[in-house]
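Q: I have a model open here and would like to talk it through with you. Could we start with the aromatic rings and then move on to the strands?

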Amino acid sequence: MITTTLPAPPDPVDHRALLDGAGLLDRSDRGKLAVTGDEAAAFLDSMLSNDIAGIPLGGGAYATLLTHKGRILADPRVLRTTEGFLLDTERVGLQALFDAIRQLRIGYRAEFHKRTLERSLLSLIGPRSEELVTDPPGHGEHANTETQIAGIPVVAVRTPTGLDLIFASEALPAVRGELERLGAVPVGEPAVECLRVERGVPRLGVDMGDTTMPQEAGIHGRAVSFTKGCYVGQETVARLYWKGKPNRHLRGLRLSGPASPGEELRFEDAVVGALTSVVISPTHGPIGLALVRRAAGPGDQLAVGDGTIRATVTELPFTGAGEPPAAER
């Protein structure tokens with residue numbers, strides 16, 4: 001599924017908060033579920049692409065749920081907490097996770113619990129994020145710890161851009177109010193999307209989905225283990241990793257003017273892809289992401305749509321945007 005709506009330009013105040021302060025975005029609509037039981041780790045390890053069994057308490061991993069042909073159905077973050085394993089994902093991937101758990105957990109001593117409506121998720125984004133939490137997690141990828149905000153139990157999770165806070169949904173007004181009192185600045189989705197595109201992070205349902213392999217989206221180094229035991233789709237992604245080359249790569253595109261997601265990209269009169277994400281960056285101007293066939297590489301010029309707009313293919317992240325995160329939504 002590819003979106004076709006051009007995002008609004010980011011508010012300058014929001015953009016500055018993400019760069020210099022602590023922006024606050026409500027992401028409670030993300031799909032969330034818990035998996036518990038003696039064999040929860042073994043079960044998730046057999047279902048997801050990353051090494052779940054190796055996650056320590058207070059740690060986490062980014063993973064994918066794949067089809068048998070190695071295409072991406074969901075890309076959950078998996079956290080190991082005192083409750084068990086807590087998974088959160090783009091809402092578009094939630095049903096696939098539910099279906100896989102129901103079908104594949106037979107024979108495992110594992111239970112799953114719906115948490116989407118029971119848990120809220122607030123993202124603190126920016127260099128001052130950690131200052132607003134009394135006991136932030138360690139500095140490892142997806143490190144998480146149990147702390148309190150305004151006396152409310154919260155799971156604080158390390159992200160490449162700040163912290164995610166997960167807690168009981170009924171406490172949302174109190175937690176949000178306390179964070180704003182401490183200096184967090186509420187920001188809109190356009191500013192956060194702009195940062196995501198600048199950093200070259202693909203989003204499920206926008207830049208990748210059930211026609212995309214992890215290697216094409218460039219997430220295999222973060223989301224796929226090539227050394228653990230079997231999981232759904234392993235044979236296909238392993239064969240491509242060891243013996244083949246992806247036909248497409250996630251690329252950045254510097255655009256000569258505004259364009260819309262879904263517009264075709266042409267190189268030497270051949271269609272080599274279509275725009276997926278497009279933003280108007282305060283730093284870079286119009287930029288976008290696309291899965292581009294390998295015939296067109298960094299530095300090549302592409303025609304967008306009817307050819308009025310041109311696009312220059314570039315490596316990711318865009319210069320000055322920092323390293324891509326391990327699990328960005």
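Q: Which residues do ring pairs link into a cluster?
A: In this predicted model, ring pairs join Phe226, Tyr241 and Trp242 into a cluster.

Q: How many aromatic pairs does the structure hold?
A: There are four aromatic pairs in the structure. One of them, formed by Phe43 and Tyr108, is tilted, with 5.5 Å from centre to centre and 50 degrees between the planes. Phe43 belongs to helix α2 (residues 40-47) and Tyr108 to the loop between α3 (94-104) and β8 (111-114), so this pair ties together parts that are 65 residues apart in sequence.

Q: Switching to strands, how covered is β7?
A: Strand β7 (residues 84-89) is mostly covered, with six of its six residues buried.

Q: Which strands pair with β7, and in what sense?
A: Strand β2 (residues 31-36) pairs with β7 in the antiparallel sense over five bridges, and Lys32 stands opposite Asp88 of β7. Strand β6 (residues 77-81) also runs antiparallel to β7 and is joined to it by five bridges, with Leu86 in β7 as the bridge partner of Leu79. β6 and β7 form a hairpin, and two residues lie between them.

Q: What about the sheet of six strands: what's the order?
A: The order of this open sheet is β10-β11-β12-β9-β1-β13, and the pairing is mixed. β10 (144-149) and β13 (185-186) stand at the edges with a single partner strand each, so one side of each has no neighbour in the sheet.

Q: How do β1 and β9 pair?
A: Strand β1 (residues 23-26) and strand β9 (residues 119-125) are antiparallel and pair over four bridges; the bridge partner of Gly23 in β9 is Ile125.

Q: Which strands does α4 lie across?
A: Helix α4 (residues 172-182) lies across β1, β9, β10, β11 (152-159), β12 (162-168) and β13, and runs at about 15 degrees to β9.

Q: Where's Ile72, and what is it in contact with?
A: Ile72 is in strand β5 (residues 72-74) and is buried, with a relative accessible area of 1%. Leaving aside neighbours within four places in sequence, the contacts of Ile72 include Thr64, Leu65, Leu66, Leu204, Met208, Met213, Pro214 and Ile219. By contrast, the C-alpha atoms of Ile72 and Ser260, which are 188 residues apart along the chain, are separated by 24 Å.

Q: How many disulfides are there?
A: A search of the whole structure finds zero disulfides. As for the cysteines, Cys194 is buried at 0% relative accessible area, while Cys230 counts as exposed at 67% relative accessibility.

Q: Last topic, confidence: what's the mean pLDDT, and where does pLDDT stay under 50?
A: The protein chain has a mean pLDDT of 93, and 95% of its residues reach 70 or more. Over residues 321-329 the pLDDT stays under 50, and the model has 35 contacts beyond four places in sequence for that stretch. Where pLDDT is low, the predicted coordinates should not be read in detail.

Definitions and conventions: Residues are numbered from 1 along each chain as its sequence is written. This is a predicted model: local features need pLDDT of at least 70, side-chain atom pairs count only at pLDDT 80 or more; totals for chains, interfaces and linings use all residues. Side-chain values use heavy atoms; hydrogens and water are left out. Buried means under 20% relative accessible area, exposed over 50%, partly exposed in between (1.4 Å probe, protein chains only). Two strands pair if DSSP finds at least two bridges between them. pLDDT is the predictor's confidence in each residue, from 0 to 100. Contact means heavy atoms within 4.5 Å. Axes are lines fitted to C-alpha atoms, for helices over the stretch in contact, and angles run from 0 to 180 degrees between N-to-C directions. A disulfide is a pair of cysteine sulfur atoms within 2.5 Å. Rings of Phe, Tyr and Trp (its six-membered ring) pair if their centres lie within 6.5 Å; planes under 30 degrees apart count as stacked, over 60 as edge-to-face and the rest as tilted.
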